[in-house]
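Please look over the sequence and the structure below. The briefing after them is grouped by topic.

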Amino acid sequence: MPQGDKDKYTDKQKRKAEHIEEGYEDRGMPKDEAERRAWATVNKESGGGNKSGSGRGKPDTHESSQAGGKKGGEASAQRSAADRSASAKKAAATRKRNAAAK
């Protein structure tokens, strides 16, 4: 569970933390751990609460997001073209099946 009062965070930072938390929960992580990681990510990218003080107005680094995307891209590049194609076809079939079920 994250500690401290979240009053010093901007609305955008709060929305970002909520969105990140939902992503972790969708992947099966417990709510308290997902919330802790979400706030840690927001703090790493934006330097903490930006509502007032000298830190306000500094741009976000997106460091954590870029690292995750790079890892995913490198992992995909290690696979053969046939493997990537088979995976894409399977994903398309799943999306089609899920759309038909709605």
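This is a predicted model: local features need pLDDT of at least 70, side-chain atom pairs count only at pLDDT 80 or more; totals for chains, interfaces and linings use all residues.

By class, five charged, five polar and three nonpolar residues make up the lining of the largest pocket.

**The largest pocket**
- The space in the largest pocket comes to about 360 Å³.
- Of its 13 lining residues, Ile 20, Tyr 24, Arg 27, Thr 41 and Ser 65 are the closest to the pocket's centre.
- Helix H1 (11-26), helix H2 (31-46) and helix H3 (63-77) are the elements that each give two or more residues to the lining.

**Helix H2**
- H2 is made of 16 residues and reaches 22 Å from its first C-alpha to its last, close to the 22 Å expected at 1.5 Å a residue.
- Its buried residues are Ala 34, Glu 35, Ala 38, Trp 39, Thr 41, Val 42, Glu 45 and Ser 46.
- These residues lie on the same side of H2, because they cover an arc of only 155 degrees around the axis.
- An α-helix has 3.6 residues a turn, so residues three or four places apart point the same way.
- H1 and H3 are included in what covers the buried residues of H2.

**Glu 21**
- Glu 21 is found in helix H1.
- Is Glu 21 buried or exposed? Glu 21 is buried, because its relative accessible area is 5%, and buried means under 20%.
- Leaving aside neighbours within four places in sequence, Glu 21 is in contact with Lys 31, Ala 34, Glu 35 and Ala 38.

Key:
Residues are numbered from 1 along each chain as its sequence is written. Side-chain values use heavy atoms; hydrogens and water are left out. On a 1 Å grid over the protein atoms alone, a cavity is a set of points where a 1.4 Å probe fits but cannot get out, and a pocket is an open set with protein on both sides within 12 Å along at least five of seven lines; lining residues have an atom within 4 Å of a point. Grid points are joined across faces, edges and corners, and a volume is the space filled by probe spheres set on the points. Helices (H or I, at least four residues) and strands (E, at least two) are DSSP runs, numbered from the N terminus. Ala, Val, Leu, Ile, Met, Phe, Trp, Tyr, Cys and Pro count as nonpolar, Asp, Glu, Lys and Arg as charged, and the others, Gly among them, as polar. The expected span of a helix is 1.5 Å times one less than its number of residues. Buried means under 20% relative accessible area, exposed over 50%, partly exposed in between (1.4 Å probe, protein chains only). The arc is that of the directions from the helix axis to the C-beta atoms. Contact means heavy atoms within 4.5 Å.
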